[in-house]
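Dear colleague,

Please find below the structure that I am handing over to you, followed by an account of what was found in it.

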Amino acid sequence: MVPSITFPHIKAKHIRNHTSFTMMMMKILYIIMICMVVAAPYAAALTCGDVNSKLTPCLNYLKHGGKVPVPCCKGVKGLNAAAKTTAEKKTACGCMKKAYKHLSGIKEDNAIALPKKCGVSIPYKISPHTDCNKYVKFLHYCAFLSLNT
């Protein structure tokens, strides 16, 4: 006969309640984890608001030229770092085009020169004429070449 361990001060009813409580907590934890995994890709998505806030310090330079302000370059570099995925780069491109069209007085030469003046390299010109879809296709092509070389 195998000896069994008993705890006389714990009644069977308490053990059943504890097991039910543990199972319920496990289910809640599981649901929370699923929500975190599903929501994670959307939490860091780049928006036009992000693009505009990073580039607002550049407006004076874009309209009048001259020396690029330090906060402007900080925003340009921050935007370049924030746009990690192809979708985010396409979003940034589209947002810059929208802003370009809605803000009067921006000189195209200043916009084109801005990334280089801030030490950032992007494979397209900041212009109202830039086709963001071609830019994205170009990025896919470059990624394909780098994987197959």
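Asn-110 is buried in this predicted model, with a relative accessible area of 13%; buried means under 20% relative accessible area, exposed over 50%, and partly exposed in between (1.4 Å probe, protein chains only). The residue belongs to helix H6, residues 108-117. Helices here are DSSP runs (H or I, at least four residues), as are strands (E, at least two), and they are numbered from the N terminus. The side chain of Asn-110 reaches the backbone oxygen of Leu-62 at 3.3 Å. A polar contact is a pair of N or O atoms within 3.5 Å; within protein, one must be able to donate a hydrogen and the other to accept it, and residues adjacent in sequence count only if both atoms are side-chain atoms. Not counting residues up to four places away in sequence, Asn-110 touches Tyr-61, Leu-62, Lys-63, His-64 and Gly-65, where contact means heavy atoms within 4.5 Å.

On the conventions used: residues are numbered from 1 along each chain as its sequence is written, and side-chain values use heavy atoms, with hydrogens and water left out. As the model is predicted, local features need pLDDT of at least 70 and side-chain atom pairs count only at pLDDT 80 or more, whereas totals for chains, interfaces and linings use all residues.

Ile-106 lies in the loop between H5 and H6. This residue is buried as well, at a relative accessible area of 15%. Its contacts, leaving aside neighbours within four places in sequence, are Leu-62, Lys-63, Tyr-100 and Ala-111. Ile-106 and Tyr-61 are 45 residues apart along the chain, and their C-alpha atoms are separated by 8.7 Å.

The protein chain as a whole comes to seven helices and zero strands. Of its 149 residues, 24% count as buried. Among contacts between residues at least 6 apart in sequence, 70% join residues at least 24 apart.

The axes of H2 (residues 48-55) and H5 (residues 86-102) come within 9 Å and cross at roughly 65°; axes are lines fitted to C-alpha atoms, for helices over the stretch in contact, and angles run from 0 to 180 degrees between N-to-C directions. Cys-48, Val-51, Asn-52 and Leu-55 of H2 meet Ala-92, Cys-95, Met-96, Lys-98 and Ala-99 of H5. The residues of this contact divide into seven nonpolar, one polar and one charged. In this scheme Ala, Val, Leu, Ile, Met, Phe, Trp, Tyr, Cys and Pro count as nonpolar, Asp, Glu, Lys and Arg as charged, and the others, Gly among them, as polar.

Val-51, in helix H2, counts as buried at 1% relative accessibility. Leaving aside neighbours within four places in sequence, Val-51 is in contact with Leu-46, Leu-79, Ala-92, Cys-95 and Met-96.

In H5, the buried residues include Ala-92, Cys-95 and Met-96. Glu-88, also in helix H5, is buried with a relative accessible area of 12%. Glu-88 and Thr-47 are 41 residues apart in sequence and 8.2 Å apart in space, C-alpha to C-alpha.

With kind regards
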